Each structure stands twice: as C-alpha cells, then as structure tokens.
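This briefing goes through selected features of one protein model, grouped by topic. Please keep the sequence and the 3D view open while reading.

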Amino acid sequence: MKTQRSAFLPLLVILHVILIAFTVVGQVYKTSLDRHFGYGKPVLSVSEDTGRDALYYDAACTTDSETLDHAHGVNRQISDEGIVLLKNNGVLPLPAGSAVTPFGFRFVDPVYGGTGSGHARVNEGYVCTPEEGLRAHFSLNEAVIRAMKNAPILEISPDEATYTGLQDAGNGNRAVYELPASAYEGFQNTCAGTTGIVFIGRMGGESSNYSLLPLSDGTPHVLALTEAERAAVAFSKQWCSRTVAVINSANVMEIGDLMQGPLECDAILWVGGPGNTGFASMGDILAGAVNPSGRTPDIWEADLLRDPAQANFRDMIYAGTEGTAFASNYNGTNKPAGLYYIEYEEGIYIGYRYYETAYALGAIDYGQRDAQGAKTGAGAVNYPFGWGLSYTTFTQRITGVSRHDAGNKVSVSVLVTNTGARDGKEVVQLYFSPPYTDYDREMRIEKSDKNLVAYGKVSLKAGESREVTLTFEMEDLASYCYTRENPDGTRGCWLLEEGAYRLVLGKDSHDRWDETVLNVERTVFYDTDNPRLSERDAQQDVKKTAAVNRFEDVTAYMLEEGVTLLSRADWAGTQPTPPTEKALSPDRLARASGYDPFTDPYTGNGGVYTLLHEAPVQKQENGLVLADMRGVPYDDPLWELFLDQADYEEDALWELLITSSGNTAALESLGKPLSMDRDGPQYLHAPRNSTFRTYAYCAEVMLAASFNDELAFAFGDSIGREALLMGLTGWYGPGLNLHRSAFCGRNFEYYSEDPLLCGRMGARCVSGAAGHGVLAYVKHFALNNYEGPATCLTAWATEQAIREIYLKSFEIVVKEAETVLRYYDASGLRAKPLRAAMGIMGAANMIGTEWCAANYALLQEVLRGEWGFEGVVITDMALQLEPGVVDKIFRNGGDLRMYYYMKMPEDTRSPEALQAFRRALKNVCYAYANSNLLQGIAPGVTVSYTLPPWQAVLYGADALLLLADVVLLIFFLVRRKRGEIS
C-alpha cells in the first residue's frame with residue numbers, strides 16, 4: 001500500500017506538469033488549435049425586436065446535396081462552352097455507337113485541375129472520367145483499356161526516364177508521366193476501324209513553374225510532346241481509321257506536330273482543367289450532342305521558348321544577397337536563399353499583343369492554318385487568341401457605330417448569322433488598333449497593334465440572324481504615358497491620342513470579319529484636371545484623383561543600363577534579353593531588406609504619408625456592435641463612434657490582425673463575430689471536420705474560354721450558395737493574374753493572358769458570389785506571374801506595363817463588380833446597390849522593392865485613392881522575414897496578416913501605430929458588416945461563443961486533476977487526524 005502511494009504522488013506531479021504545459025501551449029497556439037479542432041458555437045443575445053430576423057440572404061439551397069446538384073448543372077454549362085475545338089477536318093462529330101480506342105496515361109489518370117491552394121478534389125457520384133465520357137456514346141476498345149490500366153508508368157524528367165507508381169505521379173512541373181509505347185504492342189488488330197483518341201495532359205500547381213530544361217528523351221521542355229506521346233499518336237495513325245487528340249492541360253502546349261506532318265491528327269480538342277463535368281462534355285462534343293463554342297483564352301505559340309517573356313522567366317538572385325533569407329520558404333535549407341528578381345522587358349507586349357504587333361511590323365512569319373485548324377504554313381503561331389471551331393458556320397458584319405453619353409461611350413452593332421445546319425453559339429470579338437505616332441516614339445508610349453476592347457456571346461438556331469451590340473468607353477482606347485509632365489507638377493497620365501482607330505471585328509485576334517474606323521478629333525489627357533470617367537464614378541471624394549505615376553522608381557530601374565525595353569520604335573533592336581548577374585543598388589536593397597516603423601521617411605512615425613499623430617480614442621462604451629454598422633456608408637461619422645470602442649489590449653484584436661488565415665477572430669469590444677474564410681478558386685475548401693461537401697468546378701482558364709460573362713456570374717453565384725450553406729464568409733478567389741508565360745505553374749487558377757477578359761470574368765464572378773454575402777478576396781494583387789520564389793521576388797516593369805496589363809483586371813473588378821445589399825435602418829428592411837469587390841489579397845512578391853501586401857503606392861494611392869476601393873486587404877501567406885515587415889503591412893495599407901502564428905509588430909503603442917491599426921479595423925469591419933457574416937444577426941444583437949471543443953476537454957482535464965488534488969488532500973487530512981501519518 002505504501003509503495004502504491006509513493007508511485008501515485010510522482011504520477012500526479014507529472015500529470016500536473018503535462019496539463020500546465022498543455023494549457024500554456026494551448027493559449028499560445030489557440031488560433032491554430034481552433035482552426036484544426038474546431039471553434040466554439042455562437043450564442044446570440046435575445047433581440048427585443050422580434051420583427052427583425054436579419055435573414056439578408058435567401059438560402060437557395062438547404063442541403064449540401066442541393067448545392068452539389070446546382071453546382072453540377074452550372075459546371076456542365078461551363079464545360080460545354082469552355083472546351084475548344086482546335087482542329088477538325090470533318091471527322092467530328094463521330095457517329096453514335098462507333099468504336100473508339102483511347103490512348104495515353106491521362107486517359108487512365110486525368111487532370112481535373114491543379115495542385116496547391118487552388119486544387120480541386122473531384123466528387124464521387126458527380127465526377128465523369130474520360131472512360132465514362134466516351135462510354136456514354138461509343139463502344140470502347142476494352143483490350144487496350146485493360147492493358148493501359150496494368151501498364152507501368154513512365155516518369156520522364158530532365159535527369160532520366162524511369163518507371164514509377166500511380167501514387168507517385170506528381171504534378172508534373174518538372175517531369176511528364178506517360179505510358180511506354182510497349183503498352184499498346186500486341187493490340188494492333190483490335191484498333192482496326194476504330195477512332196483513336198490520344199489523351200495528352202499536363203498538371204500544374206502552386207509554388208513551382210514548369211521546367212524549361214530538356215527532358216531525358218530529347219523533348220525540349222515539359223510543355224512539348226514527349227517521345228512516348230508521339231509514339232501513341234503514331235500508333236493510332238497507323239492502326240486506327242482516324243485520330244483525335246485531347247489536350248488535357250490548363251497550360252498552352254506546343255502541338256504543331258499534331259496540326260501537320262506525319263503526326264497530324266484529324267481533330268484536336270482542348271479540355272483544359274475540366275473539373276467534375278468536363279469529360280462528360282467532351283463525350284457529348286465528340287458525339288455531336290453539344291456543339292462546341294469555346295475560344296482560346298491564350299495564344300498557342302509554335303515555339304514557347306521564343307516568347308519574349310521567356311527571356312526573363314527564370315530564377316535570378318541579386319549578387320551579394322546569396323545566402324540571406326528574405327522568406328522562410330527560401331531560407332537556404334531546401335531552396336536557395338537570396339533576393340530574387342524578374343524584369344518585364346517585354347512591357348505591354350504579352351501574348352497575342354506581341355505576335356499581332358510583330359506581324360504588323362513585318363517582323364515575323366505569323367503562321368497559316370486553314371478553316372479546319374490544320375497548319376498550312378510555318379510561322380510563330382499555331383492558334384491565335386480567340387480561336388475555336390464549331391459544327392456550324394457563322395458570318396458577322398458591322399452594321400453601325402454610334403457615340404453617345406456626350407461622345408464618351410461607343411456602341412458597335414454586329415449582325416451575326418448562323419449559316420449552317422446546326423444550332424450553335426458564336427463569340428463576337430471586337431479589337432482596336434490605335435495609331436502609333438512620332439509623339440508616341442518621343443514620349444516612350446508603346447501601343448499594341450491589337451487590343452480586345454469588347455466581346456459577347458450569342459446563341460443562334462440554324463439559319464437565324466441576330467444583332468449584337470458591343471459597348472465600350474472612349475477612355476478604354478487610351479494609353480498610359482509615364483513621361484508626361486502634368487500641369488499640377490505630377491508626372492504621367494492616361495491619354496487618348498487624336499487619330500484614326502481601327503475597330504476590328506475579329507474571328508480571333510488575327511483574322512477578321514469586318515472593320516471600321518473611329519476617329520478621335522483631339523488628344524485628351526486624363527490628368528488631375530480631367531480624370532477618367534471611371535475614376536470619377538469610383539471615388540467618393542469631391543476632389544477626384546487621377547492616375548499619375550506611382551511607381552517612379554520601378555520605371556527608373558527599367559530605364560537603367562542593362563535592361564532592354566521592347567519598343568515599336570526599334571523592334572528588332574530591343575527584343576528582350578536574358579538577365580545577366582547584377583547587384584541591386586544599396587538604397588534599393590535597404591528598402592527591400594527591412595522596415596523601421598519609427599524612422600521610415602514615408603510611413604514611419606515621422607513619415608510624409610503619416611498624417612495622424614494623435615492616439616485614437618479607445619475602450620469607449622458607445623453601445624454599438626458590428627450588426628449596427630451594416631449598410632452604414634464608409635464615410636459616415638458613426639464609424640468613428642464604433643471604432644472608439646476598440647480595445648488594443650484585447651488578445652483577440654491581435655489574433656484578428658496578425659493571424660487571419662482561414663478565419664477572422666471575434667472581437668468582444670466591437671461585437672464582431674468570428675468569420676470562417678476559405679481558399680479555392682476552383683474548389684471551395686470546406687472547413688476541417690465539416691460535414692458538407694463542396695464542388696470541383698472547371699479551372700478558371702476553362703471558364704474564360706467560354707467567353708460567356710453570364711456563366712462567370714453563375715459560377716460565382718454557385719460558390720455563394722455553397723458558402724452560405726456552410727457558414728463561410730471570406731473566399732480567397734477568384735485569381736486575376738495574367739498568363740504572362742505558358743510555363744507558370746499556376747495558370748490554371750487564372751483566366752487568361754488578356755486583362756479585359758480576365759477582368760470582366762472576375763467582375764461577374766465576384767458579383768455572383770456577393771449576392772450570397774460572400775466576401776471575395778480577389779488575388780494576387782499584383783504582378784504575381786511567377787511561382788517559386790515569389791515571397792522573395794522583386795518584379796520590375798514600366799508604369800505603362802503595370803497599369804495597362806497587370807493592374808487592369810483588378811481595376812475592372814474593383815470598379816464594375818456590384819451587388820444589392822439588404823440592411824435595416826429606422827424604417828425597416830431596406831436595399832441599396834453596393835460595390836461587390838470588398839476584398840483584395842496582396843501578392844507575395846514585391847513590385848520593385850515594396851512588398852505588394854505592404855505597398856503604399858499600390859494599396860493606398862492606386863487601389864483606395866484612384867479606384868475608390870472600400871474594403872479589406874489581406875496578405876498572402878506571410879512568409880517574409882525582413883525586420884519590421886509586420887509593421888509595414890499596417891503602415892502601408894494592409895489590413896490583415898495571413899499566417900497561423902502570432903508575430904507582433906515592433907511598434908504597438910505609438911499614436912501612429914494605433915492609428916494604422918484603427919484604419920485596418922475599420923476596413924475589416926466595413927467589409928464583414930456588409931457580408932453574410934451577419935446573416936441572422938439583427939442590429940443590436942451581440943454574439944458570444946462557447947468554449948472550443950479542445951479547450952473544453954483541456955479545462956475538463958484541469959478540473960478533474962484539481963478534484964483529484966482536493967480528494968487527495970482530504971484523504972491525507974483524515975489520515976493525519978486519525979494519527980495514521982505524521
């Protein structure tokens with residue numbers, strides 16, 4: 001008995017130590033534990049006003065099966081219209097019930113989307129495999145299918161070609177996975193009379209680009225056809241009656257050999273990243289049940305490595321910074337540490353803009369193809385931007401051009417006729433070709449020969465004609481001039497130069513249906529005295545802010561010796577060149593290496609942009625909660641009374657500002673509930689332990705290929721339905737970055753190489769989601785076009801390229817996305833129009849030396865100043881390591897730091913710091929007050945939370961141990977009283 005007592009006491013001490021340790025650790029890592037093991041349940045205070053149920057959003061779906069069914073229908077429309085028929089010599093559509101023989105690893109293991117934060121997990125019961133898509137219409141070569149499923153998988157990398165297992169077939173950014181040619185040997189006779197369908201696919205993902213290195217089998221790079229794929233095509237052409245290639249890749253590939261020559265296929269179909277329904281649509285299109293209507297959202301080059309952007313698409317580290325860790329994921333342990341850089345020497349000439357301009361200047365052989373998509377002449381381009389075939393035929397012609405709204409708006413009427421025997425959908429594309437003058441050469445203004453300015457889509461029955469009207473603003477034809485000296489002493493502005501502008505009704509970016517001329521009588525400078533209409537409409541201030549140079553140092557870097565700027569003034573002599581080793585100047589390196597909130601000359605405590613030097617009022621009891629602020633205008637004085645209640649000693653306040661990843665914390669001082677936020681531009685990631693399932697949609701690039709804005713809205717609406725049902729508010733999507741290079745691993749998350757198409761799709765998507773109260777964090781703002789070392793990457797471009805190309809899609813979304821907000825005022829439930837874009841995710845990279853998520857020029861001057869943005873800015877995952885980097889977020893216009901663990905700012909007490917945190921709180925609260933976070937929470941209602949499950953268990957264990965202590969103490973006291981112990 002004595003031995004048992006002696007063993008029990010040490011055990012009790014050990015349990016005390018363990019539980020104390022767990023309790024301490026639990027408080028330190030509370031945010032992360034909540035995220036992994038669940039949050040407490042909300043408890044609403046009882047409202048005295050029983051007439052206000054605060055159901056601001058109609059629950060269109062009440063179960064996850066209903067949302068999945070609805071999403072399935074939407075996605076089917078997207079994949080029906082987003083698949084692009086690149087080539088067809090008349091072999092398609094195939095007869096129903098005819099025999100087909102599939103080939104290729106991607107038939108066995110298809111690509112549905114990409115990897116990383118944008119991945120999509122297809123849904124059992126909803127997903128259609130390539131086999132199922134074909135089997136719905138055709139009889140399949142079962143012998144070849146069995147052989148492929150049992151064949152070894154060949155991994156072809158730059159180092160070697162070796163065999164691997166299905167579970168090891170990764171995302172393919174460095175290697176290609178295929179079946180060896182031997183997989184088809186012995187089955188030649190089974191192919192006779194069948195149609196061979198060869199599946200060729202590539203899967204991309206976050207954090208790495210596609211390798212530019214040659215593969216070990218002689219393939220020039222990952223996006224070219226491997227020898228195994230060539231062998232599969234050759235086998236099909238030899239033994240099958242006809243051959244169709246299916247390109248299962250969100251990224252453009254080099255497929256010239258499939259268009260002509262020994263490996264020419266009868267038809268080529270691009271299915272992108274198809275999500276659950278894409279292969280069902282593929283089967284329907286091959287069988288003719290669906291008439292294809294997709295168009296290429298990117299140009300398809302003949303030689304991807306000769307694209308001008310490729311000269312500056314590689315890892316380069318500034319000399320003298322090697323070994324210095326600027327980010328935790330590039331700290332030298334697994335990946336080389338240093339400050340990386342990339343120079344956008346091609347300027348505005350990306351994608352079709354480059355090739356159309358080069359062709360207009362006579363600098364390239366463009367390449368020829370016939371009306372069926374077969375290559376008929378060598379050249380730089382396989383397929384233009386906006387290319388796609390149909391099973392019917394159309395004609396288009398311009399029937400009128402008019403200017404209205406004081407001449408600022410232009411309407412172009414187009415008569416579209418279906419001249420074929422099948423019903424179908426046609427895309428109407430309008431481009432403009434601006435004049436390029438001596439003034440442009442003098443002022444260093446670059447102008448692309450072709451620029452998409454408007455588009456639409458129309459459905460027509462066989463023989464039907466319909467007039468389509470495309471509209472745009474005159475200022476949409478303007479160029480940005482960064483050399484102009486403005487009357488008020490600033491530099492740079494948009495200008496619409498006088499002259500003749502060709503309006504080209506394009507079959508695609510290269511070939512045309514019709515054209516006309518729009519004359520601009522005089523040059524218009526959109527400077528501070530004359531802001532653009534979109535700026536005047538977007539900004540709330542009486543005095544309007546025009547776009548002027550905000551990135552002077554970034555442009556200055558591009559004008560320095562050693563950087564080549566592509567220019568129409570000397571096209572041949574200014575082609576981009578590969579970067580040479582260089583060092584960053586000491587002053588720029590200092591800006592990129594750290595930030596001192598106390599002394600920074602711009603946004604530090606004595607900085608020129610730091611206007612408020614008095615500590616804000618705090619800890620007031622004004623009786624306001626977040627639910628009272630719904631519908632209150634951003635500039636209403638009531639916000640000041642609301643913010644006066646903030647308690648900067650509240651732990652949850654710092655949890656909100658510093659560790660917002662997947663949620664934003666509840667604030668007792670401001671009555672803000674906990675929000676659940678999730679990633680997934682293709683697949684809304686459900687919270688951990690969620691009982692709900694979410695849907696795997698097509699990749700964004702496939703949605704863009706539909707050229708259908710209504711489908712973009714339907715997609716956003718469907719995301720909103722899912723989010724509302726699950727209780728999700730913030731959505732990290734959609735992605736708005738451009739396809740600068742085909743080798744970017746994350747292209748599946750983004751729409752297109754064209755900023756107008758990207759922006760219009762994004763605006764409609766955000767509008768659809770906002771209808772269900774979803775706060776869309778559009779990403780990644782901005783110039784995030786290179787994966788890998790993005791967290792320690794400086795991106796350099798001229799101000800013209802930054803504004804015309806890389807900011808344009810975000811600008812369109814911020815200015816054009818709209819919704820209707822329902823809210824209460826003294827009169828009851830009201831509704832009013834509201835701008836829907838209230839969330840931005842700052843990119844991980846820098847523009848010049850300034851991190852995008854903490855970039856004053858980008859966030860305060862452009863986003864909030866010029867575009868009138870009213871909302872919240874969150875960082876991407878904050879892996880940056882520079883001193884003072886957390887302070888820099890809030891001092892320069894950021895509002896939330898995305899990370900799992902706390903890293904406090906260096907300055908949390910100065911008046912300037914507190915004012916920065918107050919501004920961030922306002923932006924967070926404004927955005928979430930006008931979201932579905934307040935669904936069911938009427939004005940005046942407060943929200944409290946039960947203990948999180950893990951915390952309840954931990955506290956329960958603490959209580960049991962305390963009870964054991966009490967029992968033991970009583971036991972000893974009784975024994976002592978009895979004299980059994982001394």
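The model is predicted. Its largest nonpolar core has 290 residues, and helix α24 gives the largest share of that core, with 12 residues.

- In soluble globular proteins, nonpolar side chains tend to be buried together.

**Helices α16 and α24**

- Helix α16 spans residues 651–658 and helix α24 spans residues 911–929. Their axes come within 11 Å and cross at roughly 75°.
- An angle from 65 to 115 degrees counts as roughly perpendicular, and α16 and α24 are therefore roughly perpendicular to each other.

**Strand β10 and its partners**

- Strand β2 (residues 84–88) pairs with β10 in the antiparallel sense over four bridges. In this pairing, Leu85 stands opposite Leu269.
- Strand β9 (residues 242–249) pairs with β10 in the parallel sense, also over four bridges. Ala245 has Ile268 of β10 as its bridge partner.
- Which residues does Ile268 touch, not counting those up to four places away in sequence? They are Val84, Leu85, Leu86, Lys87, Ala245, Ile247, Ile255, Leu258, Met259 and Tyr383.

**The sheet β21-β22-β25**

- Three strands form this open sheet, in the order β21-β22-β25, and the pairing is antiparallel.
- β21 (479–485) and β25 (524–526) stand at the edges with a single partner strand each, so one side of each is left without a neighbour in the sheet.
- From one strand to the next, the twist averages 45°.
- β21 and β22 (residues 491–496) run antiparallel and are joined by four bridges. Cys481 stands opposite Cys493 in β22.
- Helix α20 (residues 799–806) lies across β21 and β22, and runs at about 155° to β21.

**Backbone exceptions**

- Most residues other than glycine have a negative phi, and most peptide bonds are trans. The next points list exceptions.
- The peptide bond from Leu92 to Pro93 is cis, with omega near 0°. Pro93 lies in the loop between β2 and β3 (99–103).
- The peptide bond from Gly733 to Pro734 is also cis, with omega near -5°. Pro734 is placed in the loop between β28 (730–732) and α19 (755–770).
- Ser207 is not a glycine, yet has a positive phi of about 85°. Ser207 sits in the loop between β8 (195–202) and α7 (227–239).
- Is Ser207 buried, partly exposed or exposed? Ser207 is partly exposed, with a relative accessible area of 39%.
- Lys619 also has a positive phi, near 60°. Lys619 lies in the loop between α14 (586–593) and α15 (638–643), and counts as partly exposed at 43% relative accessibility.

**Phe598 in the loop between α14 and α15**

- Phe598 is placed in the loop between α14 and α15.
- Being buried requires under 20% relative accessible area and being exposed requires over 50%. At 42% relative accessibility, Phe598 therefore counts as partly exposed.
- Leaving aside neighbours within four places in sequence, Phe598 is in contact with Asn605, Gly606, Glu906 and Asp907.
- Phe598 and Tyr354 are 244 residues apart along the chain, and their C-alpha atoms are separated by 46 Å.

Terms used
Residues numbered from 1 in each chain as written. Predicted model: local features only at pLDDT ≥ 70, side-chain atom pairs only at ≥ 80, totals over all residues. Heavy atoms only, no water. Axes fitted to C-alpha atoms, helices over the stretch in contact; angles between N-to-C directions. Helix = DSSP H or I, 4+ residues; strand = E, 2+ residues; numbered from the N terminus. Parallel < 35°, antiparallel > 145°, perpendicular 65-115°, else oblique. Core = buried A, V, L, I, M, F, W, Y, C linked by side-chain atoms within 4.5 Å. Buried < 20%, exposed > 50% of the residue type's maximum accessible area, 1.4 Å probe, protein only. Contact = heavy atoms within 4.5 Å. Pairing = 2+ DSSP bridges.
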